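I opened this notebook to keep track of what I looked up in a two-chain model, entry by entry.

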Amino acid sequence: MAQKMTAGKRVGMEVSIAVSYAVQLARAEAIAAYPITPQTHIVEHLSTLVANGELEAEFITVESEHSAMSASVGSAATGARTYTATSSQGLALMHEILFIASAMRLPIVMTVANRALSGPLSIWNDHGDIMAERDIGWIQIFVENGQEAFDHSVMAFKIAEDHRVLLPTIVNLDGFILSHVVEAHEILDQETVDRFLPPLKPYHRLDPQKPVTMGAFAMPELYTEVKMAHQVALTNSYDTITEVWREWGALTGRHYSPVERYRTEGAKVLLLIMGSLGEVAEVAVDDMQAKGEAVGLVKPRLWRPFPFTDLRAAVAGCDLLIVCDRALSLGGGANPVLAEVRSALYPLAQRPQVLGYTIGLGGRDVQPDDFIKLVQHAQAEAKQGPSQEFYLYGVRG
Amino acid sequence: MEKFGFAQGTKFDTYASRMMPREEYFTSGHRACQGCGEALAVRWVCKAIGKDAIIAHATGCMEIVSSAMPQTSWLHPWIHVAFENTSAVAAGVDAALNVLERKGKLTGRRPAVVAMGGDGGTSDIGLQALSGALERGHNFTYVCWDNEAYMNTGIQRSSATPYGAMTTTSPPGKKSIGQKTWKKDMVAIAVAHNIPYVATASPAYLFDLYFKIRKAIETPGPAYVHVLSVCPTGWRSATELSVRLARLATETGVFPLFEVVEGRHRLTVEVPKLRPVKDYLKPQGRFRHLREPEVEFIQRQVLANYDLLLKKCQSPFPEFAPIHPPQVG
């Protein structure tokens, strides 16, 4: 189906299906996946594409997510373009291997359909799953609509496989509220994607003609240096990420930035949020600006490596920055995005007051009105001095 | 070794050391303990595997003694990822080779895929990944190095530790005989997956081990080889006795050498008259605390198990009906 679509034509489909077409157009060669809601539609459709011979790939129906990531490490190390997708408990089960995949510098691409972590069990959306994996050493990108999910699923392969990068990459998309909605997508044709994304050229691979040892252990005199090399690689990947995004912009007219801004000019109050609730917040910002309130919105897209410079530039000049997390750091004072933003701004001589809110946990619906109420609450708190380290918006009892 | 026709099931019975390959793939300089039966087995298994292979190895003794960055003892392309997942890693390697072969991206012949792990990495923490990979029918050979405990972390009991053995987490005491349970029958578990080839092997019978590995490699689909790996450090035995102990394990019936081809059992080393198990237990410090009743119990149980195995070998019926579905597409 994807081959028959022509560039420029917008087609309505479920976002998960659009992601699977992106993976097909990227000519993924090995896909190892285990079923978990709400990631399932992506891999179900991919397995159909493989079963029909529309995608020349091996689909490994592993017996767990731990094995999904382990098999992905094996196939990527052997030199096949490798893709997987998961959510929540599945991502948590992969935890151990995620660090190893990135330390081995294997360009695996993974979609995480973000979902709350148990307990209590919840299949619904928040960012608790990915925030628990913040430090795995992967490139981590957030998207807010179906077109972005398609675009970044293709671009992720090019970024991950670039020999200046060689790092696995996660594309985060909100479970259900994005993964399961039907939107209009421009699906590129195969020829265009082939021109954009050449076949994988492994930097090293398991090959008897040139044997290598992968996954050797490090004694104390080497471990720190290996971790530093990883840190440098991940930080430096910023240049390649933005280069690939610029190339995509020239190709499709859709331009992406590490920190997106929405009506921030002259705004003294800024909301900050990642993921698909950014579009909901845009509606709230439109409403507030229509009433003459100087409220704008910033939306970090690149979570790792964290775009410190872009963030500082995006919030320069505002007085109050309201950071909306979709996760909790239980027992702490700052949730993951709040902590990162505060630490990015702390060294600045002039910085806004920063208040943190956690919203939309475990699928709790967030409407434009909620953002308006949240801004009003934050303005009152800022005026009288914050009464809490952070606020759990809309919690009862 | 294809010329010997193992894939066709022909029995090869000429044993001659000069026919063994001189090439080494597991090189000297590794950090295994003196008298390590496992390192000996690894060396010979790697010879049998031959050059064209990719090895995935679990965390454990053989990984830790052989791959201290930036050195390696492995001349094969070799990957270690974690403890419990080596079968899944091998599955990924197999899948990648399939698709790369179909796309014409493989240079040279398709390498064999071999996964290796210790008894803990196989019968405990790695059992799920192994079961999944066997069930899915990946074309790979799994080799279990069974030294009967978690030796790498300091001799803790595993489900493969034999009854009565002293380990640091199954210590004998006023209320304990040591390991309370009988050794998990990992080979039967592998057989129950209806895979085409399963075998036991021992570094005391190198020709037998060599040809079993060759058969496993040449068998399409999953194969499982369980190698008894004498561990002087953990078994509290003299380092020069490792090969003898491995031989005694077979001669007493504690570790019979057999293979299961398409569900049919066959003894590959026949022992006309089993020696008493105490010949095997006595040189090992880990069994030193056992009294006569425990030794008698072990003797009875070993004979009963051996008898069962002989019955399986004599049975005209395979353990399972081999599955050979027609090709699709």
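**Conventions.** I noted that this is a predicted model, in which local features need pLDDT of at least 70 and side-chain atom pairs count only at pLDDT 80 or more, while totals for chains, interfaces and linings use all residues. Residues are numbered from 1 along each chain as its sequence is written, and chains are lettered from A and ligands numbered from 1 in the order in which they are written.

**Chain A overall.** I looked up the secondary structure and found 12 helices and 16 strands in chain A, where helices (H or I, at least four residues) and strands (E, at least two) are DSSP runs, numbered from the N terminus. The radius of gyration of chain A is 21 Å, close to the 21 Å that the globule rule gives for 397 residues, so chain A is as compact as a globular protein of that length; the radius is taken over C-alpha atoms, and the rule is 2.2 Å times the number of residues to the power 0.38. Along the principal axes, the C-alpha atoms of chain A fill a box of roughly 70 × 55 × 40 Å.

I then checked burial, and 54% of the 397 residues of chain A count as buried. A residue is buried if 20 or more other C-beta atoms lie within 10 Å of its own, exposed if 12 or fewer, and partly exposed in between, with C-beta atoms placed from the backbone. Among contacts in chain A between residues at least 6 apart in sequence, 80% join residues at least 24 apart, a contact being two residues whose C-beta atoms, placed from the backbone, lie within 7 Å.

**Helix pairs in chain A.** Two packed helices are described by the angle between their axes and the distance between the axes. I used axes fitted to C-alpha atoms, for helices over the stretch in contact, with angles running from 0 to 180 degrees between N-to-C directions.

Helix H6 (residues 146-161) and helix H8 (residues 220-252) of chain A pack at about 130°, with their axes 10 Å apart. H6(A) and H8(A) are therefore oblique to each other, given that angles under 35 degrees count as roughly parallel, over 145 as roughly antiparallel, 65 to 115 as roughly perpendicular and the rest as oblique. Asp151, Met155, Lys158 and Ile159 of chain A make the contact from H6(A), and A:Thr240, A:Ile241, A:Val244, A:Trp245 and A:Trp248 make it from H8(A). I sorted the residues of this contact into 6 nonpolar, 1 polar and 2 charged; Ala, Val, Leu, Ile, Met, Phe, Trp, Tyr, Cys and Pro count as nonpolar, Asp, Glu, Lys and Arg as charged, and the others, Gly among them, as polar.

For helix H10 (residues 308-315) and helix H11 (residues 336-345) of chain A, the axes come within 10 Å and cross at roughly 80°, so H10(A) and H11(A) are roughly perpendicular to each other. Here A:Phe308, A:Leu311 and A:Arg312 in H10(A) meet A:Val341, A:Ala344 and A:Leu345 in H11(A), a contact with 5 nonpolar residues, no polar and 1 charged.

**Contact between the chains.** I found that the contact takes 41 residues from chain B and 40 residues from chain A. On the side of chain B that touches chain A, the elements that give two or more residues are strand S1 (53-57), strand S2 (78-80), helix H3 (86-102) and helix H5 (127-136). H3(B) gives the most to that side, with 13 residues, and the residues of that side divide into 25 nonpolar, 11 polar and 5 charged.

**Backbone.** Most residues other than glycine have a negative phi, and most peptide bonds are trans. I looked up a cis bond from A:Thr37 to A:Pro38, with omega near 0°, and placed A:Pro38 in the loop between strand S2 (30-32) and helix H2 (40-51) of chain A. The bond from B:Met69 to B:Pro70 is cis, with omega near 5°.

A:Arg105 is not a glycine, yet has a positive phi of about 60°; A:Arg105 is found in the loop between helix H4 (88-103) and strand S5 (109-114) of chain A and counts as buried, with 21 C-beta neighbours inside 10 Å. B:Asn194, not a glycine either, has a positive phi of about 55° and counts as partly exposed, with 19 C-beta neighbours inside 10 Å.
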